[in-house]
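Let's walk through this structure together, one piece at a time. Here is what we will be looking at.

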Amino acid sequence: MAGTSAAATALDPNGPLVSVRNVSKRFPGILANDRITIDFWPGEVHVLLGENGAGKSTLVSMLTGFLQPSEGQIEVAGVPQDLASPQRALDLGIGAVYQHSMLAPTLTLAENVSLGRSWWRRPDRRGIADEMRKTAASVGITIRPEALTSALSLGERQQAEIVRALMRGSRFLILDEATAMLTPKDAEKLGNLMRRLAQDGRGVVFITHKLNEAVSYGDRISVLRQGKQVGGLTPERLRAMDKDEARDEIVRLMFGARTASSEMTKVASAPRRRIDGTEKPILEILALEVDDDATPVSGIDVKIRPGEIVGIAGIDGNGQVQLAEALAGQRPVRDGRIYLDGVPIEDKSIGARRNLGLSYVTDDRLGEGIVGTFPVSLNLLLKQIGDTPFWKHGLEQPLEIARNAEEKVSAFDIRTPGIGTPAGKLSGGNIQKLLLARELGEKTRAVIFAKPTYGLDLQNIEASRNRIREAADARKAVLLISTELDELLELSDRIAVMSQGRIVGIVDNNETARQRVGELMSGVGE
Amino acid sequence: MALFTEAFLTALLAGAISAGIPLLLVGLGEQMSEKSGVLNIGIEGMMLAGAYTGFLIAWKTESMGLGFLAGAGGGMFVALFMAVLCVRLGLNQIVIGISLTLGAEGATAILHYFQFSRTYPRLPATLKWDIPFLHDIPVVGPALFGREPIVYFALFLVSVFAYLYRRTHFGLALQAAGDKPAALDSSGVDVLKVRAVAVLTTGALAGLGGAFMAIVGAGIFVPFMTHGNGFIGIVLAMLARGRPLWVLGGATLFGACLSLTTALQVAGIDIPTDVIQMLPFAAVMVVLIVLGSKANLPVSLGTAYARGER
């Protein structure tokens, strides 16, 4: 490998192609990247791994000129550079291919490539097409430059984007979750292509959630967690391991190896509730299918017994929202059945399901959870507007509404200046408490929690988790959707893993659960 | 049928062209904005500003040519607000568009009042060019080939824009700016610049359309004289699906509806003018119902572009 890298860079033959030095990126309230230092070498496929929100996309945006670092610097071929715009990054030979194609759908591939040339010129469609074909052939692929972009598969579009980057002279290519939406066959093609590019002496950065791909195509691996670089595998170590060892080590880096800071939310080894396996389930989901353009959901079979918490793990966007909305009645069910206490509810309205005892705590708190301009008192009754005793003959009963609000505010410790305060003015944690107060009534039989601690601070996280435990202790059935593995391990009795709209496995929450859920999430054994 | 006499057809076609040229200009302009992803509702105001400045300069200088130039400039001036507020600062295009239209209506009415009080001076009849031989064809000849130079110019613009969209990189950039601005940005083209150029061009064309109404159509300026022509332009642009030739077809059709009153009077048929004047708007609704679902608008139409918001 040393031989090819020496041939690769002109400026500094032995140095890295691109180096990130102590780079931090701050957004209001979030430290997305925390002093990251990584070298990217020519001739290597460098895999970046990390959960959602680990800071991978932010890092990529800084490398491609879409964002600028708050601190630290980026060096290209050993020279510090200010990547102020995408154009500048392109000029420096940094190209990127994203999960979603960056080609205009109504133009042909050749026209897309010709974007950005002198505006009054006639696009040289034929010349560009020939050049594209030649470049594609040089890396062992074939493309159809005259085809309209929207008529092509995502895999074909991404290959075209790589060809475009090569035509611009990119020596450094970033593939940001480029395989996430591809069919296995297309993903393999892309994997072989990136191996080929690295062999030609280019630098490739490959971001993926699938460990099989990381191990198969990567030379070097870096792992990010919560904006920090937490470790990695050098080419020497990676080569010395077989695939299973490497996967275990990566899963440990990504999900395991508890750090001091996460000790604070201590893990109860296994939930103490006793679930009677013979008891009749409260919530029963049978062969559920839900339509969706991006992520259709199918083959969902879950039974939840009284007092049981079933966790749904998975990387964001794998159908969790679609599933939750279908259960709550906010999205039509295509096929399959949902039983609540033995009553089929899949054709019932949102209100009817609620009256039967099904609650849904949404993760879109501001969007669909509350009406921000309404007072706290009304938001607490948002799903019962018109119901007695709060409304009689269509007229508001202010006393009843206020009494209900006072009660809930103190029971759920909602910190608000008053029950007349517009709910939108509360902090995220208190809005979540408001939603919990509304959804966790005595009549509730089953609760769906969607990312219940997402975006909350430690104290509110703990409060929310306690409410979830209480719900289970009160013998309700709980479906807990979360992208945080630690949370699921702390609360759930069983954990189902969702991937591409399907449940790919359900594991009991015991000592090996972390490893097995991590493997299922990362597509091991697909 | 007695209705289809030569006089009637000539009046109808001539009227369709006269009423259709402002629609054509304004529709071509709106089409360009929309292609680039900017929904330009301020176009009615740009048209009115063009009508006012065009009339004023034509009246002061007694030159039609200068009048048209000034009209284009007036429309562009209003468009400048749109470019700064909606493209550069990314404010809501609908709100800004409505304010610009209302603002231009008020401003031109007041300026006109200060200058002319309640009088409405009339411009002399405009110069016409007869095209040799073609002009002698019955019906089509007098209606189409004995017209003001600006008519020929507007028709010529159709092919210019068709060429621009299909045959230049600028056309590709416009389309990418409307469909996937991030793709254009990552190709190293400044999305905001492309959109600003489109909006300013729209302003010039709308202003020209307004000036046509004042200088050629009416010969006078009356406050609010554009009468929703700009809004019909928006409909035309949406229905034309990016093709300038379709704008021409639509403009002629709507122009014919607008001019039917005069033509029917020529034919001696008495229908209340109010009914006739509803025709273009009824036509808009019928066309929208039939073709509206296939309007095929750019994906990013109406959304401001800010880098990094993926």
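Which residues in α10(B) are buried? They are B:Asn229, B:Gly230, B:Ile232, B:Gly233, B:Ile234, B:Val235, B:Leu236, B:Ala237, B:Met238, B:Leu239 and B:Ala240, where buried means that 20 or more other C-beta atoms, placed from the backbone, lie within 10 Å of the residue's own.

A word on the ground rules: this is a predicted model, in which local features need pLDDT of at least 70 and side-chain atom pairs count only at pLDDT 80 or more, while totals for chains, interfaces and linings use all residues. Residues are numbered from 1 along each chain as its sequence is written, and chains are lettered from A and ligands numbered from 1 in the order in which they are written.

Back to α10(B), which covers residues 229-240; helices here are DSSP runs (H or I, at least four residues), numbered from the N terminus. Because 11 of its 12 residues are buried, α10(B) is largely enclosed by the rest of the structure. Its cover includes α1, α2, α9, α11 and α12 of chain B.

Now for the place where the chains meet: 23 residues of chain A are in contact with 20 residues of chain B, contact meaning C-beta atoms, placed from the backbone, within 7 Å. On the chain A side, α3 (86-91) and α4 (109-114) each give two or more residues, and α3(A) provides the largest share, 3 residues.

Finally, look at A:Leu480. Leaving aside residues up to four places away in sequence, A:Leu480 touches several residues, including A:Ile309, A:Phe449 and A:Leu491.

How values were computed:
Two residues are in contact if their C-beta atoms, placed from the backbone, lie within 7 Å. The expected span of a helix is 1.5 Å times one less than its number of residues.
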